[in-house]
Amino acid sequence: MMETLNEYLPFLIKSSYFLAAILFITGLRRMSAPGTARGGIVWAGVGMLVATVATFLLPDMHNMVLILAALVSSTVLAWVSGKKVAMTDMPQMVALYNGMGGGSAAFIGAMALFNAVDHIDTCSMAGGSSHDCLSGVPMVFAIVGVYIGAISLSGSLVAFGKLQGWIDKRFTFPGQHYFNGLIGIGTLALGLYLTQDLNAQYIWIFFGLSLLLGLLMTLPIGGADMPVVISLYNAFTGLAVSFEGFVLQNESMIIAGMLVGAAGTMLTQHMAKAMNRSLGSVLFGSMGGSGGAAIEGEMKEIQAQDAAIQMAYADRVVIIPGYGMAVAQAQHKLWELTEMLMERGVDVKFAIHPVAGRMPGHMNVLLAEAGVPYDLIEDMEDINGQFSQTDVALVIGANDVVNPVAKTDPESPIYGMPILNVDEAKNSIVIKRGKGTGFAGIQNALFFAENNKMLYGDAQDAIAKLIQGLKAL
């Protein structure tokens, strides 16, 4: 009986990995639409569970106690932290977990290299055919996986620090990009040397230089570019996992890593396009500063009661949420306001910019959490042509994604970046804590427009006052 089971065990494992791949692809496909995204996550999660259980059936598994202890402790930690983390902190959590994935892949590759060093003599006698030997393509994949995985680890940790507010400025120095280039080329050269002379000391140096490169690449990048950076490191993590899957001959890691790498690459391109910036300008340039022509005029304040009246008697209102809404956790109050406007016969839509918030899809997740129907949420491409027929555009904590200088001022750092055409609405109201600039550090010309009014205050408090204003009508 046992012999029969062992005979069919390889087929069972391979079949489980194939099933996991189908579940990964199905889950990723379902994540492309808000209505099916939750189910897609479940499908992908089941796929990961199948792949994990199948891996335990491999004949050369050992250190089972340590593996199980790591699985249980990390599952509990992730469950507790996932339940407690605020939606406003989700970008930080994504960056942190993405870094952990890249770091895991880097350590797997490093351990494969160290294991090969320990078995150099045996490998020489066996002609390099032993399972513990690394040569040719597997060794190259192990080295590349360490390289990009370590960059993703340290870079994602810096991104986490910037989003969390622990790192509140860009760290730059003259000739920085040339210095980073030398570090990158030197690290790659050391990796190439490792393919000819595998040495434990050089492996440690290679790993350390890769981590340093991730830090040097990310520290100069401004906070406004963090959505693109997170997407890029997500792609790095996926590729690193896939490369190490080749090293371990694990089909599940190869497929899952390739899916993540491909999706992350496409998302990075989409985010960069949404900001009208090349990936090179994100990595080697910076967004922000006081570039562009001076903005004349003054911001005109409006009281909540007057703003409520203006929206109550409008035919069409478009709401533009931003990070200020996320910080104030105002999405539930906002939906309550929306329902009241709709009850009065107002046509209400939500307009979402691709890079609104601190990560792709940030606003969509918050609105879904509040119960906003998907058919009320419009992407930038679909809503922009409707602003000229909009009576009131209500901006809540968004800044750079509605700044008209992106269309009018060639000297502005964000010139050419696609924005939501709030300036074309008949009237606009901006809820904002104060008169400061946005995340990119650029003054917003919309705030000074003749048809714009400023409603100052915390987003949740301001929306609560708007609700009270509607009730008083």
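**Helix packing and a parallel sheet in a predicted model**

In this predicted model, the axes of helix 6 and helix 7 (residues 176-194) come within 10 Å of each other and cross at roughly 155 degrees. Because angles over 145 degrees count as roughly antiparallel, helix 6 and helix 7 are placed in that category. The crossing of helix 6 past helix 7 is right-handed. Helix 6 contributes Met 139, Ile 143 and Tyr 147 to the contact, while helix 7 contributes Gly 184, Thr 187, Leu 188, Gly 191 and Leu 194. Sorted by class, the residues of this contact comprise 5 nonpolar and 3 polar ones, with no charged residues.

Two further residues of helix 6, which spans residues 136-164, were examined individually. Ser 156 belongs to this helix and has a relative accessibility of 2%, so that Ser 156 counts as buried. When residues up to four places away in sequence are set aside, Ser 156 touches Ala 95, Asn 98, Gly 99, Ile 151 and Tyr 233. Pro 138 also lies in helix 6. Its relative accessibility is 34%, and Pro 138 therefore counts as partly exposed.

Helix 9 passes helix 10 in a left-handed crossing. The contact of helix 9 with helix 10 includes 14 nonpolar, 10 polar and 1 charged residues.

The model also contains an open sheet of 6 strands, arranged in the order 3-2-1-4-5-6 with parallel pairing. Strand 3 (377-379) and strand 6 (452-456) are the edge strands, each of them pairing on one side only. On average, and with direction ignored, neighbouring strands of this sheet are turned by 25 degrees against each other.

The individual strand pairs can be described in turn. Strand 1 and strand 2 are joined in the parallel sense by 4 bridges, and Val 317 has Val 348 of strand 2 as its bridge partner. Strand 2 is in turn linked to strand 3 by 3 bridges, again in parallel; here Phe 350 stands opposite Ile 377 of strand 3. Strand 2 is mostly covered, with 5 of its 6 residues buried. Elsewhere in the sheet, strand 5 (residues 428-432) runs parallel to strand 6 and is joined to it by 5 bridges. Within this pair, Ser 428 has Asn 452 of strand 6 as its bridge partner.

Helices are also in contact with the sheet. Helix 12 (residues 304-312) packs on the sheet and touches strand 1 (316-321), strand 4 (392-396), strand 5 and strand 6. The direction of helix 12 makes about 135 degrees with that of strand 4. Helix 15 (residues 362-369) lies across strand 1, strand 2 (347-352) and strand 3. Relative to strand 2, helix 15 runs at about 140 degrees.

Conventions:
Residues are numbered from 1 along each chain as its sequence is written. This is a predicted model: local features need pLDDT of at least 70, side-chain atom pairs count only at pLDDT 80 or more; totals for chains, interfaces and linings use all residues. Side-chain values use heavy atoms; hydrogens and water are left out. Two strands pair if DSSP finds at least two bridges between them. Helices (H or I, at least four residues) and strands (E, at least two) are DSSP runs, numbered from the N terminus. Axes are lines fitted to C-alpha atoms, for helices over the stretch in contact, and angles run from 0 to 180 degrees between N-to-C directions. Contact means heavy atoms within 4.5 Å. A crossing is left-handed if the near helix is turned anticlockwise from the far one by less than a right angle, and right-handed if clockwise. Ala, Val, Leu, Ile, Met, Phe, Trp, Tyr, Cys and Pro count as nonpolar, Asp, Glu, Lys and Arg as charged, and the others, Gly among them, as polar. Buried means under 20% relative accessible area, exposed over 50%, partly exposed in between (1.4 Å probe, protein chains only). Angles under 35 degrees count as roughly parallel, over 145 as roughly antiparallel, 65 to 115 as roughly perpendicular and the rest as oblique.
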